[in-house]
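Thanks for coming. Please have a look at the model on the screen, and then I will go through it piece by piece.

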Amino acid sequence: MDKLKKLEKWFWSGVVLIELILFYSSSMTYKQQTSVPFLEKYVQGKPLRDSLSKIHFNYGGKEQSIANDGYYHFVEFFIRKGAHFGIYLILGVFLCLALYTYFKRNHFLQIFVPWMMTTGLAAFDEFHQGLTGGRTPSVSDVILDSMGGLTGALIVVIVLYFVIWRQRKSTKVSQV
């Protein structure tokens with residue numbers, strides 16, 4: 001996997017870029033970030049309202065439902081939490097690829113170190129968010145972000161395992 005070593009600086013650049021985006025995002029107030037006005041303007045007719053109105057759950061000590069939050073805030077909740085999970089999944093992928101050459105032989109560390117780094121960065125991001133007016137840090141968000149990072153690292157390790165396995169298999173076949 002010498003190709004990964006050559007790309008390592010690009011993976012680290014991806015990590016830095018994602019962190020800059022997260023830092024900028026957590027510096028914004030909720031009012032600056034909300035997508036509710038956009039949803040109200042462009043999502044007319046409240047699609048899937050009947051199905052979504054049957055969903056309710058507790059997240060971070062608050063009941064999430066259309067009855068509690070209203071349709072557009074409830075939809076925004078899913079968008080925001082999906083963005084949390086997704087951006088940390090991508091961060092987990094980039095960290096795993098950037099660190100891959102350091103832990104070539106240890107699959108546990110290939111997953112564990114990027115996961116812990118992602119979790120630490122998520123905790124710092126929530127702390128930073130707590131310093132921003134109109135925003136509240138959330139342990140639930142750190143857990144969600146952490147699971148995104150773990151998922152990203154797992155995807156990379158599984159894909160690389162099968163790529164390496166396939167390369168070894170084709171090398172053995174060509175040697176016969």
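I start with a definition: buried means under 20% relative accessible area, exposed means over 50%, and partly exposed is in between, with a 1.4 Å probe and protein chains only. By that rule Asp 69, at 16% relative accessibility, counts as buried.

Now, where this comes from. This is a predicted model, in which local features need pLDDT of at least 70 and side-chain atom pairs count only at pLDDT 80 or more, while totals for chains, interfaces and linings use all residues. Residues are numbered from 1 along each chain as its sequence is written, and side-chain values use heavy atoms, with hydrogens and water left out.

Next, the salt bridges. Side chains of opposite charge can pair when their charged atoms come close. A salt bridge here is a side-chain nitrogen of Lys or Arg within 4 Å of a carboxyl oxygen of Asp or Glu. How many salt bridges does the structure hold? It holds three.

Take Asp 69 again. Its salt-bridge partner is Lys 62, and the closest N and O atoms are 2.5 Å apart. Asp 69 is buried at 16%, whereas Lys 62 counts as partly exposed because its relative accessibility is 39%.

Another salt bridge joins Arg 80 to Glu 76, with the closest N and O atoms 4.0 Å apart. Both residues sit in helix α6, four residues apart, which is about one turn of the helix. A word on the naming: helices (H or I, at least four residues) and strands (E, at least two) are DSSP runs, numbered from the N terminus. Glu 76 has 2% relative accessibility, so it counts as buried. Arg 80 has 23%, so it counts as partly exposed.

Then there is Lys 81 with Asp 141, whose side chains meet in a salt bridge at 2.8 Å, N to O. This pair links distant parts of the chain: Lys 81 is in helix α6, Asp 141 is in helix α8 (residues 139–175), and they are 60 residues apart. Are these two buried or exposed? Both Lys 81 and Asp 141 are buried.

We stay with α6 and turn to its packing. Helix α6 covers residues 71–99 and helix α7 covers residues 107–130; their axes come within 9 Å and cross at roughly 135°. Because of that angle, α6 is oblique to α7. For the angle classes, under 35 degrees counts as roughly parallel, over 145 as roughly antiparallel, 65 to 115 as roughly perpendicular, and the rest as oblique. The axes are lines fitted to C-alpha atoms, for helices over the stretch in contact, and angles run from 0 to 180 degrees between N-to-C directions.

Which residues meet between the two helices? On the α6 side they include His 84, Tyr 88, Leu 91 and Leu 95, and on the α7 side they include Val 113, Met 117, Leu 121 and Glu 126. By class, the contact of α6 with α7 has ten nonpolar, four polar and two charged residues. In that count Ala, Val, Leu, Ile, Met, Phe, Trp, Tyr, Cys and Pro are nonpolar, Asp, Glu, Lys and Arg are charged, and the others, Gly among them, are polar.

Let us pick out Leu 121, which is found in helix α7. Leaving aside its neighbours within four places in sequence, Leu 121 is in contact (heavy atoms within 4.5 Å) with Glu 19, Tyr 88, Leu 91 and Leu 95. Leu 121 counts as partly exposed because its relative accessibility is 23%.

Now a loop, the one between α3 (36–42) and α4 (49–52), where Lys 46 is found. Phi of Lys 46 is near 50°, a positive value in a residue other than glycine. Leu 48 lies in the loop between α3 and α4 as well, and its phi is near 65°, again positive in a residue other than glycine. Lys 46 is partly exposed at 31%, whereas Leu 48 is exposed, with a relative accessible area of 63%.

Last, Asp 50, found in helix α4. Asp 50 is exposed, with a relative accessible area of 60%. From Asp 50 to Cys 96 is 41 Å, C-alpha to C-alpha, and 46 residues in sequence.
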